[in-house]
Amino acid sequence: MCGIIGYTGPLSAKEIILNGLTQLEYRGYDSAGIALCMESSYIRMLKKTGKVSNLKEASKQIKEVSHSGIGHTRWATHGCVSENNTHPHQAGRVTLVHNGIIENYHQLICQFGLEKKLKSETDSEVAAWILDSFYQGDPAEAIGRLLPLLEGSYSFCIMFEDCPGEIYAVRSVSPLVAAYTHSGALVASDLTALIPYSRQYFVLPEKHLLKLTAYSAKVYTFEGREIMPEIIEADWNMDAAMKHGFSHFMLKEIHEQPEALNQTILPRLTDGIPDFSQDGIPDSLLKNCTRIQIAACGTAMHAGMAARALIEPLVRIPVTVSIASEFRYEEPLIDKNTLVIIISQSGETIDTLAALRLAKNYGSPTLSVVNVKGSTIARESDYVLYTHAGPEIAVASTKAYSVQLAALYLLSCRLAYVKGRFNLDQAKGFTNKLLSSIPAMKEVIKCKNEIQAIGNEILSAADIFFIGRGLDYSFSLEGALKLKEISYIHAEAYAAGELKHGTIALISPGVPVVAIATQERILGKTLSNVKEVKARGAFVILITKEETEISPGLADVIFRIPQIEDRFTIFPIAAVLQLIAYFVSVGKGLDVDQPRNLAKSVTVE
Ligand code: F6R
């Protein structure tokens, strides 16, 4: 989604903003622009469609020095990808960048008679013109008048022509973080743009005004009272956001998984079993719940599907998994005895945040599994279980998914223990097996060449099917999503037994089917489904365990993961599927880390 950065201070604003935009590239975007307050006090704008590198190249023409400015990477929502629609937008004395969607922008155009003034098709420019019409020399007063008019979500970074060196920012839902450092004051839509300058930052509270000057970053209420935001210390540094010799962030992040899993699991073990007292999660929360509702989007939702497949048979309580964008508009059957688990890497996904808020309205206790410290979902949940994946830069989620699974497995184990489904030895046994799945994942990652060869077999496929049963079905969903997003191949996941109820009509000679068969209890059934697609000429890639007997001719390619108990195949299977998607994307020469149309942190509905 759109990325925002603002800077004011002694250094070159052009350099800092362009570097910040490069840091924000991973969020996904289709154009980028900057506005710089020049020494001669006029505001110079530059916009380019495509990559930030285009903007950087064009910015070489700007020779004059500037010490404050704002920048933006745009992910188109209102209006096509064009320089006109690229931010910043200028209206009279106001220049601004915007993240989010102003839902009532059309009504505002009519209300303020802006039809003839607008140069772009964006909702953002509408806000700029209204702000300019309100502005009479007091930025806080004008912004304070604008905000009640806006419906939707937004974060703005604003410069006023007659206030050189000052940057104002405000937000509702869409996140903004800020820092004051010896190198000046910064604001950005996420920490990656600030981290080269400061590990200490604060989250701008909603509907408060941030004023940056070269000497300060201050937050005010709209009544003019200064407030002191809580300073947060990032638990990672710039080093964690570098490629370190890997050709892509995605590949690096796949390799980082074993370490991220250890960091997520080990600090939470006491006497060999999961213990959340350091996270402030009381056993009573788990003991008292009679059902679980999980809400999340995309990959995070798939982690929830795996958790459901684990928890229901283990703990014997109902678990419902909902797509957050659906859940938020439902009338869910949840109450104070339902533990609502919200899963989000970024902690900012707007649908997931809305699902959390809905659950709170229903009086359900909420626990979020989040990777980004201090994110909105983390702050608004009753309880937080942080995953420790570090920054995930590739748009396609890999290590964040694994650590979500790890956190949910730990939670399931504690749940089983406090509900008396596990005694201490059983809980220890479960935890040990979870830990032993980490070296199994390392083994798989070492088989990169073998997996690349599998990827090469499907480079030219138009459609691919992923099938599996039980836990394997949840992996199939994630395998198909990963492949779709970075290879642009149409991929669909099916519960293996469901295929014959319609979709098998699509299996024609040569169509690849990735069959995941690690669940021994239902292995025979899954393999029968594999036979069904093989009989129709499918090109079968079978992923199974080391010791599973496979009759000759059943599959065209077999990839074997180490022999581990069914419930714990999660990490090695995740690695196989991620690497298949990765190598297909590489083989097709695509942009692995920034696939088209996608955004890392989805802050619009
Ligand atoms: C896929 C992917 C997305 C995210 C989804 C939720 O690789 O990254 O499907 O999982 O947008 O994002 P978070 O977890 O940040 O809420």
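**Close-up views of a predicted model**

**View 1. Arg 328 and its salt-bridge partner, Asp 351.** With a relative accessibility of 17%, Arg 328 counts as buried, because the cut-off for a buried residue is under 20%. In this predicted model, Arg 328 and Asp 351 form a salt bridge in which the closest N and O atoms are 2.7 Å apart. Asp 351 belongs to helix 11 (residues 350-361), whereas Arg 328 sits in the loop between helix 10 (324-327) and strand 20 (338-344), so the pair ties together parts that are 23 residues apart in sequence. Asp 351 also counts as buried, at 10% relative accessibility.

**View 2. The salt bridge between Asp 283 and Arg 414.** A search of the whole structure finds 22 salt bridges, and one of them joins Asp 283 to Arg 414, with 2.7 Å between the closest N and O atoms. Because Asp 283 lies in helix 8 (residues 283-288) and Arg 414 in helix 13 (residues 399-418), this pair ties together parts that are 131 residues apart in sequence. Asp 283 counts as partly exposed at 30% relative accessibility, while Arg 414 is buried, with a relative accessible area of 11%.

**View 3. The salt bridge of Glu 565 and Arg 567.** Here the closest N and O atoms are 3.5 Å apart. Glu 565 counts as partly exposed, at 35% relative accessibility, and Arg 567 is partly exposed too, with a relative accessible area of 28%. Elsewhere, salt bridges that share partners join Glu 206, Arg 357 and Glu 380 into one network.

**View 4. The buried residues of helix 2 (residues 52-59).** Val 52, Leu 55, Ala 58 and Ser 59 are the buried residues of this helix. Seen down the axis of helix 2, they fall within an arc of 120°, so they line one face of the helix. An α-helix has 3.6 residues a turn, so residues three or four places apart point the same way. The buried residues of helix 2 pack against helix 1 (13-24), strand 2 (31-38), strand 3 (43-49) and strand 4 (66-74).

**View 5. The buried residues of helix 15 (residues 448-457).** In this helix, Ile 451, Ile 454 and Gly 455 are buried. These residues cover an arc of only 100° around the axis, which puts them on the same side of helix 15. The elements they pack against are helix 14 (424-446), strand 26 (539-545), strand 27 (557-561) and helix 18 (570-587).

**View 6. Cys 2, in the segment before strand 1 (3-8).** Cys 2 counts as buried, at 8% relative accessibility. Leaving aside neighbours within four places in sequence, the residues in contact with Cys 2 include Arg 27, His 72, Trp 75, His 98 and Ser 189.

Definitions and conventions:
Residues numbered from 1 in each chain as written. Predicted model: local features only at pLDDT ≥ 70, side-chain atom pairs only at ≥ 80, totals over all residues. Heavy atoms only, no water. Buried < 20%, exposed > 50% of the residue type's maximum accessible area, 1.4 Å probe, protein only. Helix = DSSP H or I, 4+ residues; strand = E, 2+ residues; numbered from the N terminus. Arc of directions from axis to C-beta. Contact = heavy atoms within 4.5 Å. Salt bridge = Lys/Arg side-chain N within 4 Å of Asp/Glu carboxyl O.
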